[in-house]
Amino acid sequence: MASEKSTDVEAVTATRDAEAVELDIKDEAGDLAARALKSSTVDEEAARQVRRKIDLRILPFLCITYALQFIDKASLGYSSVYGIITDNKLQGQDYSWASSIFYFGYLVAEYPGIAVIQRFPVAKFLGVNIALWGAILMVTAVCSSFSDLAAVRFFLGVVESTISPGFVAVTGIWWTRQEQAGRSALWISFLGVGSFVGTLLAYGIGHIQSALSTWKYIYLILGALTIVWSLLFTIFVPDGPASVKWLDEDEKVVAIQRVVENKTGTKSRHFVKDQITEAITDPAIIGLGLISFVNAIASGGLAFGSLIIQGFGFNPLQTTLLNLPLSAVQVMSQLGCGFVTTRLDNSRLHIGSVAMLPPIVGTVLINQLQVTNRWGRLVGVWLLGSYPVGFMIILGLLSTNIAGSTKRSAASGWVFVCYCVGQIAGPQFFKSTEAPAYQNGIVAMLCGFILNLVLNQVLRLIYVRENKRRDKIIEGIPADEIMKAKRESERQGFEDVTDKNNAMFRYAL
C-alpha cells in the first residue's frame, strides 16, 4: 500500500516536472508555475484569502526589519550628541567620513550580495545578514578611535547592503503589480517609524547614568534587539511560494496565479549574460540610478540632522525630541503617497516629483532665515521629511518595471551603487569649518531635491514613449490575437524573458 502511494506521488511529480520542461519554465517556482499557467482564471475569493495570508505573514517582517535597519544605520546620528565624537577623538572631517564609510562597505558588497540573492534562498540569506549587523552594532560599543569606528561602520555597510534589494525581490515574488506600490510604500514608510521609535529610544537611553558612556548603551541595546529579531525573521519568513508551509498545494498555485500578470515571474537562478548588456544600455535603468544618486545626496546630508538642530541652540535631550516631528513627516508622507499611488493609476513618478517640493522649501528656510529665527529654521528641517518618497518610488519601479532575473539583479545593483555614491558624497558637503550652519551642505541637498524632481519627469517620459510605441505596433490586430499574445506574455514572465523582449509588457508610470 505504501509503495503504491509512493509510486503515485512520483508519477504526479514527474508529470509536473514534464509540464515545467514543456513550457521551458526557468523560474524556481517550477511545476507550481506550470500548473498556474495551465489553470483556469483564479477564483477571486481564493486569491483574496491567499493575499490576506501573505500580508499577515510576510509584510510585518519586512516593515519591522526596515524600521530596525534605519534605527541601526542612524545610530551614529543619535550617538553624535551623547559623546561618541569626543570618546573616539574625532576631529575635522572624521565624523563625515565615519558616516560615509558605511556606504563604502555597502558599495563593495552590493553586487556580490545581489548575486547571492539570485542564487540562494533569499529569506534565509537576509536573516543571516540581520544577525550579523546586530553583532557588529554591539561591537561598536568598544570603539575608542576613528579607525575603530571606521572599521565597524564599513562592515555594517557590508551586511546591510542586501536588505533593500532583497526586499524588492521579496515584494516582486509575492504581490501583483497593482499591490506592489502600496506594499512597498508600507515597508519603506517604516523608515519614518524607525526614525520615530529610534528617537524615543535614544531619548530614553540618554537618561541612563553609569560608568559606561551613554552612546555605548545605544549600540548595545539596538544590537541585542536586532539579533533577537533575526532569529524570528529566519524562522518565519519563507523563501518563496514553493517552500511556504502555511499555504496548501492549491493555495500555492493561487499565489503564483496572482502574480502571473506581472510578467516578471518570481525568481530564476539562471545567469544570462545578454541580460547584463541589456541592463547597462537601458536608458530607463540609467535614469533610475541617477534618481537614486541625487536622492541619496540629500539623505547622506541628514546624517547631520541632529547636529544641525543642536546648532540652533538646543541641548542634547531637546535635540533628540525635536527629531520626532521630522520622523512623523516621513511616516505620513510615505504612507500618504503610497496610498495615492494605489488609487491613481500611472501616478507614481508625478507623486515622487510633488514630494520634493516640501524639502525644497525646507532647505530655503534653513539657509535664508535669520540665525535668530531658530523655530522657523527648525520647521525647515521638518519639511525635509518627505524626501524618502523619491527612493520609495524607484524601489517600486525596480520590482514592477524590470523583467528577467539577471537584468533585474544588474539593475538593482546599479541603483544601489548610485545610492551608495550619493550617500558617500552627501556628508562631504558638510564641512566642520561651517558648523553649525553647514550652508554649503544645505545647498547640496537643495540641488539634489531639484534634480530628483526633474529626473522623475524625464524617466516618466521615457516610459510613456515606450508604452505608446508598443501600443502602436499592435494597432489593428484582432482581439483574439491580442488575447493570445497576452497569454504568451504571461508565460514568458516565468521563462525569464526580459521586459524589452516581451511585446505585451507595459511600464508602470
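**View 1. The largest nonpolar core of the predicted model.** The largest nonpolar core holds 120 residues. A nonpolar core here is a set of buried Ala, Val, Leu, Ile, Met, Phe, Trp, Tyr and Cys residues joined through side-chain atoms within 4.5 Å. Buried means under 20% relative accessible area, exposed over 50%, and partly exposed in between (1.4 Å probe, protein chains only). Y66, W174, W187, L288, L395, L398 and Y463 touch the most other members. L395 touches Y66, V168, W187, I188 and F416, leaving out residues up to four places away in sequence. Contact means heavy atoms within 4.5 Å.

This is a predicted model, in which local features need pLDDT of at least 70 and side-chain atom pairs count only at pLDDT 80 or more, while totals for chains, interfaces and linings use all residues. Residues are numbered from 1 along each chain as its sequence is written, and side-chain values use heavy atoms, with hydrogens and water left out.

View 2. A disulfide is a pair of cysteine sulfur atoms within 2.5 Å. For C63, the closest cysteine sulfur belongs to C337, 17 Å away and too far for a bond. C63 is buried, at 5% relative accessible area. C418 is in no disulfide either; the nearest cysteine sulfur, that of C420, lies 9.2 Å away. C418 is buried too, at 7% relative accessible area.

**View 3. Packing of helices α8 and α12.** Helix α8 spans residues 122-140 and helix α12 residues 214-236. Helices (H or I, at least four residues) and strands (E, at least two) are DSSP runs, numbered from the N terminus. The two axes are 7 Å apart, at an angle of about 165°. Axes are lines fitted to C-alpha atoms, for helices over the stretch in contact, and angles run from 0 to 180 degrees between N-to-C directions. The pair is therefore roughly antiparallel. Angles under 35 degrees count as roughly parallel, over 145 as roughly antiparallel, 65 to 115 as roughly perpendicular and the rest as oblique. The crossing is left-handed: the near helix is turned anticlockwise from the far one by less than a right angle, whereas clockwise would be right-handed.

**View 4. A444 in helix α24.** Helix α24 covers residues 439-473 and includes A444. A444 is buried, with 11% relative accessibility. Beyond its neighbours within four places in sequence, A444 contacts I297 and F429. A425 is 19 residues away along the chain, with 9.8 Å between the C-alpha atoms of A425 and A444.
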